[in-house]
Each structure stands twice: as C-alpha cells, then as structure tokens.
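Below is a short briefing on a single protein model. Please look over the sequence and the structure before reading the points that follow.

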Amino acid sequence: MESLLQGRLRNTHLPISKSMMPLYEAVVNSIHASEEDAENCDISLEDHQITIRVLRTENLFSKNSKSEKGPIEGFEIRDDGAGFNEDNWQSFNTLDSLHKEKKGCRGVGRLMWLKAFRTVDVDSVFTTKNGNFRRRFSFDPVDGVTQSGTADSTSSPKETRVTLSGIQSKYADNASKTLQSIAEGLLEHCLWYFIRDEGVPAINMQDGSEVISLLELFDTHMHSSAKHEVIKIGENTFEITHVKFRASMHKLNTLNYCAAGRLVKEESLQGKIPGLFGIMSDAAGDFTYAAYLTSPYLDEHVYEQRTGFYIDEENSGIFADISLKEIRERVIDSIKKYLRESLSEKIKESETRLQKYVNEIAPRYRPILPHIDENTVIDPSISDRDLDLALHRQLYKVEERMISEGHEIMTPFKGETQDAYRERLKKYLETVADLKQSDLANYVMHRRVIIDLFESAMSNKSGEFAPEDIIHDLIVPMQKTSDDMEYRRQNLWLLDERLAFHHYLASDKTISSNKTTSDTSTKEPDISALRLFDTPFLAGEKNTPSASITVIEIKRPMRKGFKGGEGESKDPILQGLDYLQRLRSGASTRDGRPIPDADRIPGYVYVLADLTDSMKKCCRLHQLMKTADGMGYFGYHRDETYNAYIEVMSYDRLIAAAKERNRAFFDQLQLPSK
C-alpha cells in the first residue's frame with residue numbers, strides 16, 4: 001500500500017496559531033539526533049551543540065538596514081548529532097515511520113515543515129565505522145525528495161544542517177517576529193528537555209549579531225529547581241513536573257500537557273485552585289507556577305500534529321477511558337499539596353481583602369458571605385469594580401439556588417425523616433432571611449452614598465460649590481414627573497421621609513403642565529407634590545382635609561442677595577408661597593376629579609438654602625422662628641391667602657438630619673462614620 005505525499009499534506013492540519021511548530025519540530029529532531037549520538041559514541045549529551053539561525057529578507061524600506069531587520073524568511077537548524085545515517089534516511093523516506101516510536105514520535109513532523117515552508121534543504125555529514133559521509137537533498141510539497149540523497153565520503157566534520165525557507169505569508173503574519181519571542185516560545189515548547197534529569201544539548205539562537213542561549217534563558221526564567229511527582233490514574237502512570245518561574249517573566253499559572261517531550265496543550269489554572277492567581281510567593285521570593293504533565297497515555301493519545309489529544313473532556317459511559325476532567329482533577333489535587341503554604345498565605349490575603357471591601361464599601365454582601373461557594377477565593381489585587389462583579393455573581397448563584405429549593409421545600413423527600421426535613425427547612429429559611437437582609441443593606445448603602453455625594457458638594461475647599469441643578473438632580477431628577485421611569489432615582493427622603501408618599505409629583509415642570517391644577521402659569525417650581533388622604537385621621541371626623549400640597553424651592557449653596565418682600569425673584573419664601581397659591585387653583589386628582597375646598601388645602605413650603613445674612617432677613621420678615629440647632633427656620637403663615645407651614649432648611653441641617661435619621665442603619669451595617 002503506497003502513500004501519496006500531496007494527500008498526506010492535504011490531511012495534515014497546522015493551525016495558524018501554531019505557526020512556529022515546524023521550527024520546534026526541527027529543533028526536537030536535532031535533540032533526538034544529539035541523544036542518539038551521545039548513546040552511540042559515549043559522549044555527554046550536554047557537550048552537543050544545536051544552533052538555530054533566523055533567516056531574513058533584506059529590508060528594502062528601511063532607512064537604516066543595519067538596525068531595522070527585514071521580515072523572517074526561514075530558519076537554519078544545525079546540530080552535531082547522529083545525522084542522516086542509513087536508518088534515519090530510511091525513516092525520513094517513510095511516511096508515518098515507527099523509527100522513533102519509543103520517543104513518542106509519529107513520523108509526521110517533517111510534514112509540518114512543508115505546511116508552512118515552500119522548501120526544505122538538508123545537508124548532513126554523519127559518521128560510520130568506515131568514516132564520515134555526506135548526504136544532501138531537498139524536500140518540497142510537489143516533488144517530495146528531489147535528490148537521491150546518496151551518501152558520499154567526505155572529510156568534513158560531523159554536522160547536519162536543515163534549512164526551512166520560503167515561509168508562507170499566512171504563517172509569517174502570525175509568527176513571532178523577534179529573536180527573544182522566538183527563543184521564549186521554543187523554550188516553552190521544549191521545556192521538558194531542560195527540566196528532565198537527562199539534560200539537554202547547548203542550544204543557541206542567532207539573528208544577525210544577536211545571540212540567545214536557551215540554557216541561560218532557562219536559568220533566567222527559573223525561580224527554583226523543578227520537582228517531579230508520579231501519580232497513577234486508573235492503570236496509567238503520569239509524571240507531574242512542578243515548575244516555579246520567576247515573577248519577572250510575567251507568565252501565567254498553567255497546567256501543560258506534553259507528549260513526546262513537546263508541549264501540546266496549555267490550560268490556565270485561573271479559578272481552578274483556590275488561592276492560585278497572579279504572582280505567588282515563597283521564602284525565595286515571588287514566582288508564577290506551571291505544571292508539566294507527561295505520560296505514555298498522553299503519548300498514545302496525542303494528535304499526529306501534536307496540537308491536541310484524542311481524549312474526551314468527560315467520561316461518556318461505563319466503559320469509557322479516563323477523561324481530561326479526571327486527569328485535571330487528580331493533577332490539581334497534587335498541585336494543591338505542592339503549593340500548600342503559598343496558597344494558604346494567598347487565601348489569608350484574599351479573606352482580608354474581601355472583609356475590608358464588604359465592611360467599608362459593599363455591606364450588602366455581608367449576609368451572603370456564609371453561603372458563598374467555599375472554593376471561591378478572591379484575588380487580593382482585584383479592583384473594586386471586578387470584586388463587586390464577582391460578589392454579585394455569587395449573590396445570583398445563591399438566589400438561583402433558593403428559587404430552585406423553594407419549589408421543593410414544602411414537600412419532604414421520599415424517606416426523609418421529620419428531623420432531617422426540619423433541618424432542611426431551617427437552613428432554607430435562614431438563607432432567605434440573609435438574602436432579604438442583603439437587599440436592605442443595599443438600600444441603606446445607597447442612602448449613605450447619596451449623603452456622601454451631597455456632603456462633598458457642600459465642602460468645596462476652593463470656594464466653588466455645586467450649582468443648583470446638581471443639588472436638584474440629587475434630590476429628584478429635573479424635568480421629570482412621578483409618571484416617568486427615571487423618577488425612581490429620587491431621594492426625597494433627604495428632606496422628609498413623608499415626601500415619598502404622594503399622589504403626583506413634578507420636578508422643574510411648568511405649573512400649566514401639572515396634571516393636578518387648572519392654573520395656566522408657565523412658572524416652574526423646583527419640586528411640587530400633591531398628597532391625597534383616603535381615610536380621616538380620627539374615627540368619625542368629617543372635616544378632615546382630603547389633600548395637601550408641598551412646594552420645595554432649592555437655592556444654590558451660599559447664595560446671597562435675597563431681599564424679603566421685594567418680589568418672588570428676590571424672596572424665595574414668597575416665591576414658594578406664590579407657587580402654592582397657584583397649585584391650589586382648581587386642584588384635582590391626576591385623573592381630573594376635583595378636590596373639595598381646594599383653596600383651603602393645607603400647604604407646606606420648604607426652602608433649601610444656606611443661612612446667609614440676606615436669607616436670615618427674609619426669615620425674620622416672614623416671622624419665622626429659628627430651630628433649636630440654629631441651622632434653620634420654621635413657622636406658619638396664618639394669612640388666609642397662604643395658610644401654609646414654612647420651613648427654611650440649611651444644607652448643613654439637611655445633611656445632619658439625614659445622617660441622624662439613618663444612623664441606626666449605618667451603625668448596624670458598620671459603615672464608617674464621616
């Protein structure tokens with residue numbers, strides 16, 4: 001049965017993301033050739049040399065061609081290993097060769113050369129008992145081996161040179177561009193050879209005058225010596241190599257599956273091991289962790305192109321082989337033991353970070369902390385935003401679990417004892433209570449934030465205070481009514497908790513557009529509200545007012561120049577009373593039902609302004625009394641024209657009163673005092 005090269009190439013897959021794989025395969029071949037020569041000639045493997053030279057085309061567009069390198073065209077790999085002797089030559093000419101089966105090789109590495117490069121040239125001098133011989137040939141996708149490869153006697157020293165040239169543009173565009181990145185990728189791919197006990201040849205990379213030693217690069221990366229551990233999964237043996245890289249290398253914490261000494265599959269360990277995230281630390285300093293997993297089982301189940309494994313993620317039946325999930329879980333158990341001390345320290349840091357955030361910023365999450373998955377550990381370096389998102393996801397999971405359990409909680413399970421059912425019901429109700437407490441905490445936290453925003457607007461050290469519209473928008477959104485969705489972000493509780501209970505409210509809207517009055521004025525009260533009473537205050541009382549009207553006027557902090565009695569534009573109290581009088585005109589419900597004795601509807605006028613000298617004069621002119629704390633004025637205008645309660649409230653009084661009303665809630669949530 002014959003095999004056609006073009007057909008095999010068509011069926012060989014090389015992802016663009018693996019564009020450097022052909023180079024890696026060529027270097028691994030050189031390592032194997034060095035191993036073979038070391039075994040046959042009794043020479044130390046570490047005395048062998050492998051040199052990789054980057055081939056570039058001339059940069060015709062560079063003004064300084066010496067400093068700006070052209071695009072990569074190919075690679076030259078030289079080694080002093082066994083070379084293309086008769087056995088290796090026959091193996092090369094045999095597709096799917098079994099020659100290096102014991103090393104886990106599939107005999108397809110050279111096919112990947114031709115997936116990415118247009119041609120391969122080989123010049124190999126090898127040693128036999130009859131002396132040195134040279135074999136030269138070319139290899140391309142169309143003609144295969146284009147020269148006979150006849151071995152001729154030579155006096156040249158032993159050396160094999162493989163030149164990969166004419167890289168295809170789709171692979172060139174996605175390949176590493178600098179010698180440093182190429183060297184780091186090669187080291188990552190072949191790391192197993194560097195950490196194994198047998199050692200590795202000296203591997204150097206050249207790009208013009210730039211030279212990088214992979215052994216020196218390996219030493220630079222390593223935080224400490226690698227540790228080996230053997231585990232059994234079923235009847236299969238796996239070896240885990242625990243590696244700590246120096247933190248300065250900016251590597252991720254990963255689990256790496258290897259086959260035939262090459263890196264095949266890399267998985268992030270982020271979120272899989274509590275406490276393993278970011279930079280870790282031990283007595284020797286900071287590091288990042290990587291586990292390298294090898295096994296005959298992985299060698300047997302690797303794709304031909306070594307880009308993945310024929311292993312199911314999960315077992316699909318009772319006769320199924322071991323799965324990736326099972327392998328991963330067993331390896332993770334070993335990693336936890338190996339990193340026990342470092343993980344413990346990180347978990348403590350996480351707990352401190354979480355408690356600080358919940359106590360000082362997001363107390364709404366405190367009730368659900370006992371219900372969070374015990375394997376959830378927060379990265380101590382996480383931002384407040386990301387931490388809030390993480391906790392919100394946990395809150396959602398708890399709520400989802402409670403909804404699911406809620407459908408079953410009223411029915412005992414089959415065979416469940418009475419005591420067991422009571423315990424299950426108790427736990428369910430405790431969790432539900434904690435969720436409700438979380439909702440309340442969120443509401444209280446919102447109030448604290450609003451008060452802090454208000455206070456910040458009042459404490460501008462430069463003398464510039466928040467404009468009136470900012471203050472207004474914090475209390476009630478401007479140009480909105482209680483019919484608008486955006487109205488829901490109102491904070492009328494800042495002035496008076498009772499203001500939240502109203503029939504209709506308008507914010508910065510003309511009186512003519514107000515649904516509860518027939519007045520056609522285009523004047524715009526800052527805030528106006530109509531409240532209806534469905535029942536009398538006292539049983540049997542017949543003349544109880546059926547409604548009340550509230551008007552709120554907001555003035556810029558520290559505004560001066562008020563003049564009492566000189567018109568609405570100068571007197572904010574008179575301005576509020578005028579609005580009240582107009583709103584009483586033809587007062588009705590929002591659906592047009594008239595309110596009896598509308599001109600006698602009780603009225604409330606609030607003026608929010610700092611007590612400047614001019615504001616105090618206005619208060620005295622209207623015969624208002626100073627509050628006991630000296631931060632406001634109040635009184636009742638007995639004139640039949642107005643018949644209204646009036647309160648002038650300074651911003652200091654508003655903030656102090658809002659804090660005092662909510663202090664018990666803030667203390668209960670352990671919010672810091674300000």
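Which residues are exposed on the other side of α11? They are Arg340, Glu341 and Thr352, where exposed means over 50% relative accessible area, buried under 20% and partly exposed in between (1.4 Å probe, protein chains only).

This is a predicted model, in which local features need pLDDT of at least 70, side-chain atom pairs count only at pLDDT 80 or more, and totals for chains, interfaces and linings use all residues. Residues are numbered from 1 along each chain as its sequence is written, and side-chain values use heavy atoms, with hydrogens and water left out.

**Overall**

- The protein has 17 helices and 23 strands, taken as DSSP runs numbered from the N terminus (helices H or I, at least four residues; strands E, at least two).
- Of the 674 residues in the protein, 47% are buried.
- Contacts (heavy atoms within 4.5 Å) between residues at least 6 apart in sequence join residues at least 24 apart in 66% of cases.

**Confidence**

- The average pLDDT, the predictor's confidence in each residue from 0 to 100, is 83, and 88% of the residues score at least 70.
- Over residues 535-545 pLDDT stays under 50, and the model has five contacts beyond four places in sequence for them.

**Helix α11**

- Residues 340-360 form α11, whose 21 residues reach 30 Å from first C-alpha to last; the expected span, 1.5 Å times one less than the number of residues, is also given as 30 Å.
- The buried residues of α11 are Ser342, Leu343, Lys346, Ser350, Arg353, Leu354, Tyr357 and Val358.

**Nonpolar cores**

- A nonpolar core is a set of buried Ala, Val, Leu, Ile, Met, Phe, Trp, Tyr and Cys residues joined through side-chain atoms within 4.5 Å.
- The largest has 60 residues, of which Ile52, Phe75 and Ile203 touch the most other members.
- Helix α2 (residues 21-41) gives the most to this core, with seven residues.
- Another core, of 29 residues, lies apart from it and includes Ile231, Val264, Leu293 and Phe309.
- Beyond four places in sequence, the contacts of phenylalanine 75 include Met20, Leu23, Ile52, Phe117 and Ile182.

**Histidine 301**

- Histidine 301 is in helix α9 (residues 296-301) and is buried, with a relative accessible area of 18%.
- Its side chain reaches the backbone oxygen of tyrosine 297 at 2.8 Å.
- Histidine 301 and isoleucine 311 are ten residues apart in sequence and 6.8 Å apart in space, C-alpha to C-alpha.

Definitions and conventions: Polar contact = N/O pair within 3.5 Å; in protein donor to acceptor, adjacent residues only side chain to side chain.
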